[in-house]
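Thanks for making the time this morning.

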Amino acid sequence: MIELLINRRSVRSFKETPIERKKVETLIKAALLSPSSKNKRPWEFIIVDDKKMLERLSKSKTNGSTFLKNAPMAFVVVADSEVSDVWVEDASIASITLQYTAETLNLGSCWVQIRNRTNEKGASEQYVQQLLNIPKNKQVESIIAIGYPDEKKKTYSEDQLLYEKIYKGRYGERYR
Ligand SMILES: Cc1cc2nc3c(=O)[nH]c(=O)nc-3n(C[C@H](O)[C@H](O)[C@H](O)COP(=O)(O)O)c2cc1C
(Lines give C-alpha, C1' and ligand atoms only; values in the text may rest on other atoms or scores of the structure.)
Protein backbone atom coordinates (compact mmCIF):
# COMPACT_ATOMS: atom_id res chain seq x y z
CA MET A 1 0.00 0.00 0.00
CA ILE A 2 2.69 2.53 0.92
CA GLU A 3 4.39 1.95 -2.46
CA LEU A 4 1.09 2.63 -4.19
CA LEU A 5 0.66 5.86 -2.21
CA ILE A 6 4.19 7.02 -3.00
CA ASN A 7 3.77 6.31 -6.70
CA ARG A 8 0.21 7.55 -7.26
CA ARG A 9 -0.08 10.92 -8.98
CA SER A 10 -3.08 12.51 -10.65
CA VAL A 11 -3.10 11.68 -14.35
CA ARG A 12 -4.79 14.13 -16.71
CA SER A 13 -3.39 12.89 -19.99
CA PHE A 14 -4.58 9.52 -21.26
CA LYS A 15 -3.89 7.11 -24.10
CA GLU A 16 -6.85 6.32 -26.35
CA THR A 17 -6.64 2.62 -25.42
CA PRO A 18 -10.00 1.52 -24.04
CA ILE A 19 -10.07 -0.09 -20.60
CA GLU A 20 -10.60 -3.85 -20.67
CA ARG A 21 -14.00 -5.02 -19.44
CA LYS A 22 -12.37 -7.10 -16.69
CA LYS A 23 -10.66 -4.00 -15.30
CA VAL A 24 -13.92 -2.03 -15.45
CA GLU A 25 -15.58 -4.84 -13.51
CA THR A 26 -12.83 -4.68 -10.87
CA LEU A 27 -13.36 -0.93 -10.56
CA ILE A 28 -17.10 -1.48 -10.13
CA LYS A 29 -16.47 -4.06 -7.41
CA ALA A 30 -14.07 -1.70 -5.62
CA ALA A 31 -16.58 1.14 -5.68
CA LEU A 32 -19.28 -1.11 -4.25
CA LEU A 33 -16.92 -2.32 -1.51
CA SER A 34 -16.31 1.23 -0.25
CA PRO A 35 -17.08 1.61 3.43
CA SER A 36 -19.86 4.01 4.37
CA SER A 37 -21.30 5.40 7.59
CA LYS A 38 -23.76 2.94 9.16
CA ASN A 39 -23.24 0.90 5.99
CA LYS A 40 -25.93 3.04 4.34
CA ARG A 41 -24.15 3.05 0.99
CA PRO A 42 -25.82 6.25 -0.21
CA TRP A 43 -23.78 6.33 -3.43
CA GLU A 44 -24.51 5.42 -7.04
CA PHE A 45 -22.09 5.45 -9.97
CA ILE A 46 -22.52 6.30 -13.62
CA ILE A 47 -19.90 4.90 -15.96
CA VAL A 48 -19.40 7.14 -18.98
CA ASP A 49 -17.30 6.06 -21.96
CA ASP A 50 -19.15 7.83 -24.75
CA LYS A 51 -16.74 10.35 -26.34
CA LYS A 52 -19.44 12.97 -26.92
CA MET A 53 -20.66 12.76 -23.34
CA LEU A 54 -17.11 12.96 -21.97
CA GLU A 55 -16.60 16.04 -24.11
CA ARG A 56 -19.74 17.61 -22.58
CA LEU A 57 -18.64 16.61 -19.08
CA SER A 58 -15.29 18.27 -19.73
CA LYS A 59 -17.19 21.58 -19.58
CA SER A 60 -18.57 20.87 -16.10
CA LYS A 61 -16.24 23.38 -14.50
CA THR A 62 -14.71 26.66 -15.54
CA ASN A 63 -11.31 25.22 -14.63
CA GLY A 64 -10.08 21.74 -13.89
CA SER A 65 -12.32 19.50 -16.00
CA THR A 66 -11.13 19.98 -19.60
CA PHE A 67 -8.97 16.84 -19.58
CA LEU A 68 -12.14 14.71 -19.29
CA LYS A 69 -12.62 15.02 -23.03
CA ASN A 70 -9.50 12.92 -23.60
CA ALA A 71 -10.25 10.29 -20.97
CA PRO A 72 -11.49 6.91 -22.23
CA MET A 73 -13.88 6.66 -19.32
CA ALA A 74 -15.08 8.22 -16.11
CA PHE A 75 -17.07 7.26 -13.03
CA VAL A 76 -19.54 9.91 -11.96
CA VAL A 77 -20.02 9.58 -8.21
CA VAL A 78 -23.52 10.45 -7.06
CA ALA A 79 -25.05 10.17 -3.58
CA ASP A 80 -28.41 10.60 -1.93
CA SER A 81 -28.24 13.18 0.87
CA GLU A 82 -31.55 11.88 2.24
CA VAL A 83 -30.08 8.42 2.79
CA SER A 84 -27.07 9.67 4.77
CA ASP A 85 -26.20 12.98 6.45
CA VAL A 86 -22.53 12.17 5.82
CA TRP A 87 -22.93 11.41 2.13
CA VAL A 88 -20.01 13.73 1.30
CA GLU A 89 -17.64 11.51 3.28
CA ASP A 90 -19.17 8.34 1.83
CA ALA A 91 -18.97 9.60 -1.75
CA SER A 92 -15.41 10.84 -1.20
CA ILE A 93 -14.29 7.48 0.15
CA ALA A 94 -15.82 5.76 -2.88
CA SER A 95 -14.05 8.24 -5.16
CA ILE A 96 -10.61 7.63 -3.65
CA THR A 97 -11.24 3.89 -3.56
CA LEU A 98 -11.77 4.06 -7.32
CA GLN A 99 -8.53 6.01 -7.72
CA TYR A 100 -6.44 3.61 -5.63
CA THR A 101 -7.95 0.60 -7.37
CA ALA A 102 -7.22 2.16 -10.77
CA GLU A 103 -3.60 2.45 -9.66
CA THR A 104 -3.43 -1.29 -8.88
CA LEU A 105 -4.65 -1.96 -12.45
CA ASN A 106 -1.87 0.20 -13.97
CA LEU A 107 -4.45 2.83 -14.82
CA GLY A 108 -4.14 6.53 -14.10
CA SER A 109 -6.92 8.68 -12.70
CA CYS A 110 -7.88 12.15 -11.61
CA TRP A 111 -10.67 13.50 -9.40
CA VAL A 112 -12.84 16.25 -10.85
CA GLN A 113 -14.61 18.10 -8.06
CA ILE A 114 -18.27 18.78 -8.89
CA ARG A 115 -19.89 19.55 -5.54
CA ASN A 116 -19.67 23.30 -4.76
CA ARG A 117 -18.11 24.12 -8.12
CA THR A 118 -19.39 26.17 -11.07
CA ASN A 119 -19.07 26.60 -14.82
CA GLU A 120 -20.20 29.43 -17.12
CA LYS A 121 -23.81 28.21 -16.90
CA GLY A 122 -23.99 27.99 -13.10
CA ALA A 123 -23.61 25.11 -10.65
CA SER A 124 -21.48 22.23 -11.95
CA GLU A 125 -23.78 19.83 -10.17
CA GLN A 126 -26.87 21.00 -12.07
CA TYR A 127 -24.97 20.88 -15.34
CA VAL A 128 -23.96 17.24 -14.72
CA GLN A 129 -27.43 16.30 -13.42
CA GLN A 130 -29.03 17.61 -16.61
CA LEU A 131 -26.54 15.92 -18.93
CA LEU A 132 -26.88 12.50 -17.30
CA ASN A 133 -30.56 12.53 -16.24
CA ILE A 134 -29.62 12.46 -12.58
CA PRO A 135 -32.62 13.23 -10.34
CA LYS A 136 -32.39 16.59 -8.55
CA ASN A 137 -32.33 14.94 -5.10
CA LYS A 138 -29.16 13.00 -5.97
CA GLN A 139 -25.99 14.99 -5.30
CA VAL A 140 -22.96 14.83 -7.57
CA GLU A 141 -19.71 14.66 -5.61
CA SER A 142 -17.07 14.00 -8.24
CA ILE A 143 -16.17 12.63 -11.62
CA ILE A 144 -13.21 10.24 -11.58
CA ALA A 145 -11.46 10.18 -14.95
CA ILE A 146 -9.67 6.88 -15.61
CA GLY A 147 -7.42 5.61 -18.38
CA TYR A 148 -3.98 4.40 -19.38
CA PRO A 149 -1.55 7.21 -18.51
CA ASP A 150 0.02 9.23 -21.29
CA GLU A 151 2.22 11.18 -18.89
CA LYS A 152 4.78 10.21 -16.30
CA LYS A 153 4.97 12.28 -13.15
CA LYS A 154 7.57 12.20 -10.41
CA THR A 155 6.67 10.00 -7.50
CA TYR A 156 6.54 11.55 -4.04
CA SER A 157 9.78 11.83 -2.11
CA GLU A 158 10.37 11.94 1.64
CA ASP A 159 11.18 15.69 1.65
CA GLN A 160 7.71 16.52 0.23
CA LEU A 161 5.92 15.04 3.24
CA LEU A 162 4.62 17.61 5.75
CA TYR A 163 5.80 15.91 8.93
CA GLU A 164 5.24 19.19 10.81
CA LYS A 165 1.51 18.42 10.61
CA ILE A 166 1.95 15.38 12.83
CA TYR A 167 1.58 15.90 16.58
CA LYS A 168 1.79 13.55 19.49
CA GLY A 169 -0.44 13.61 22.54
CA ARG A 170 -1.67 17.19 22.08
CA TYR A 171 -2.08 19.58 19.21
CA GLY A 172 1.14 21.47 18.61
CA GLU A 173 3.41 18.94 20.33
CA ARG A 174 5.83 17.47 17.87
CA TYR A 175 6.12 13.79 17.21
CA ARG A 176 9.75 12.72 17.52
C1 LIG B 1 -11.24 16.55 -3.31
C2 LIG B 1 -10.38 16.70 -4.53
C3 LIG B 1 -10.82 17.47 -5.58
C4 LIG B 1 -10.04 17.60 -6.73
N5 LIG B 1 -10.53 18.29 -7.80
C6 LIG B 1 -9.81 18.38 -8.93
C7 LIG B 1 -10.35 19.01 -10.08
O8 LIG B 1 -11.50 19.46 -10.10
N9 LIG B 1 -9.57 19.06 -11.19
C10 LIG B 1 -8.30 18.56 -11.23
O11 LIG B 1 -7.67 18.65 -12.27
N12 LIG B 1 -7.77 17.93 -10.16
C13 LIG B 1 -8.50 17.81 -9.03
N14 LIG B 1 -7.99 17.13 -7.94
C15 LIG B 1 -6.64 16.56 -8.00
C16 LIG B 1 -5.67 17.39 -7.15
O17 LIG B 1 -5.37 18.58 -7.81
C18 LIG B 1 -4.41 16.55 -6.89
O19 LIG B 1 -4.76 15.38 -6.19
C20 LIG B 1 -3.38 17.33 -6.07
O21 LIG B 1 -2.89 18.44 -6.81
C22 LIG B 1 -2.19 16.46 -5.67
O23 LIG B 1 -1.58 15.89 -6.80
P24 LIG B 1 -1.43 14.33 -6.96
O25 LIG B 1 -2.82 13.73 -7.01
O26 LIG B 1 -0.68 14.12 -8.23
O27 LIG B 1 -0.71 13.82 -5.76
C28 LIG B 1 -8.76 16.98 -6.81
C29 LIG B 1 -8.33 16.17 -5.73
C30 LIG B 1 -9.13 16.04 -4.63
C31 LIG B 1 -8.66 15.13 -3.51
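Let me begin with the pairing of strand β2 (residues 73-80) and β6, which run antiparallel and are joined by eight bridges; strands here are DSSP runs of E with at least two residues, helices are runs of H or I with at least four, both numbered from the N terminus, and two strands count as paired if DSSP finds at least two bridges between them. This is a predicted model, in which local features need pLDDT of at least 70 and side-chain atom pairs count only at pLDDT 80 or more, while totals for chains, interfaces and linings use all residues. Residues are numbered from 1 along each chain as its sequence is written, and side-chain values use heavy atoms, with hydrogens and water left out.

Within that pairing, Met73 has Ile146 of β6 as its bridge partner. Strand β6 (residues 138-147) also pairs with β3, again in the antiparallel sense, over six bridges, with Gln113 opposite Ser142 and Gly108 opposite Gly147.

How much of β6 is buried? With buried meaning under 20% relative accessible area, using a 1.4 Å probe and protein chains only, 10 of the 10 residues of β6 are buried, and in β3 (residues 108-113) five of six are.

Turning to helix α4 (residues 87-104), its buried residues, among them Trp87, Leu98 and Glu103, pack against α1 (2-7), α2 (21-32), β1 (43-48), β2, β3 and β6. After α4 comes Asn106, whose phi is positive, near 60 degrees.

Note on methods. Buried < 20%, exposed > 50% of the residue type's maximum accessible area, 1.4 Å probe, protein only. Contact = heavy atoms within 4.5 Å.
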